[in-house]
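Good morning, and thank you for coming. Please keep the sequence and the model in view as I speak.

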Amino acid sequence: MNSIRSDVGNLIKEKRIKSGLSQEAFALLAKVDRSYMGRIERGKANISIELLYKLAFVLNCEVFELLPKSTIKLID
């Protein structure tokens, strides 16, 4: 499961950077604590589906863009 969290976190971080948002600004827009956002981006936090949708909304993208393309990693 760690690799999935890391992959999702990396995709969120890449989208955030491409959007020109600092982690602090992104967290503020998503109404999430900045330190929690850091944990998400580092793959250290499990996030809810609701939060994933909120982050996609803030990043102006589709939820599937924040998910890894391969699901082979589901089993560690």
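Predicted model: local features only at pLDDT ≥ 70, side-chain atom pairs only at ≥ 80, totals over all residues.

Let us begin with a single side chain: Lys15 is partly exposed, with a relative accessible area of 24%. Residues are numbered from 1 along each chain as its sequence is written, and side-chain values use heavy atoms, with hydrogens and water left out.

With which residue does the side chain of Lys15 meet in a salt bridge? The partner is Glu65, at 2.7 Å from N to O. A salt bridge here is a side-chain nitrogen of Lys or Arg within 4 Å of a carboxyl oxygen of Asp or Glu. Lys15 belongs to helix α1 and Glu65 to the segment after α4, so this pair ties together parts that are 50 residues apart in sequence. Glu65 is also partly exposed, with a relative accessible area of 28%.

The structure holds two salt bridges. In the other pair, the side chains of Arg16 and Glu41 meet at 2.6 Å, N to O. This pair links distant parts of the chain, with Arg16 in helix α1 and Glu41 in helix α3, 25 residues apart. Are these two residues buried or exposed? Both Arg16 and Glu41 are buried; for Glu41 the relative accessibility is 4%. Helix α3 covers residues 34–41. Leaving aside neighbours within four places in sequence, Glu41 is in contact with Gly9, Asn10, Ile12, Lys13, Arg16, Gln23 and Phe26, where contact means heavy atoms within 4.5 Å.

Let us now step back to the whole chain. How many helices and strands does the protein chain have? There are four helices and zero strands, and the pattern along the sequence is α-α-α-α. These elements are DSSP runs numbered from the N terminus: helices are H or I, at least four residues, and strands are E, at least two. Of the 76 residues in the protein chain, buried residues make up 34%. Among contacts with a separation of 6 or more, 58% come from residues 24 or more positions apart. Asp7 is placed in helix α1 and, at 18% relative accessibility, counts as buried.

Leu55 touches Ile12, Phe26, Ala30, Met37, Ile47 and Leu66, not counting residues up to four places away in sequence.

Please turn to helix α2. In this helix, residues 23–30, the buried residues are Gln23, Phe26, Ala27 and Ala30. Why do they line one face of the helix? Seen down the axis of α2, the buried residues fall within an arc of 100 degrees, so they line one face; the arc is that of the directions from the helix axis to the C-beta atoms. On the other side of α2, Glu24, Leu28 and Leu29 are exposed.

I close with the backbone. Most residues other than glycine have a negative phi. Lys31, however, has a positive phi of about 60 degrees although it is not a glycine. Lys31 lies in the loop between α2 and α3 and is exposed, with a relative accessible area of 70%. Asn60, in the segment after α4, has a positive phi of about 55 degrees and is not a glycine either. Asn60 is exposed, with a relative accessible area of 71%.

Key: Buried < 20%, exposed > 50% of the residue type's maximum accessible area, 1.4 Å probe, protein only.
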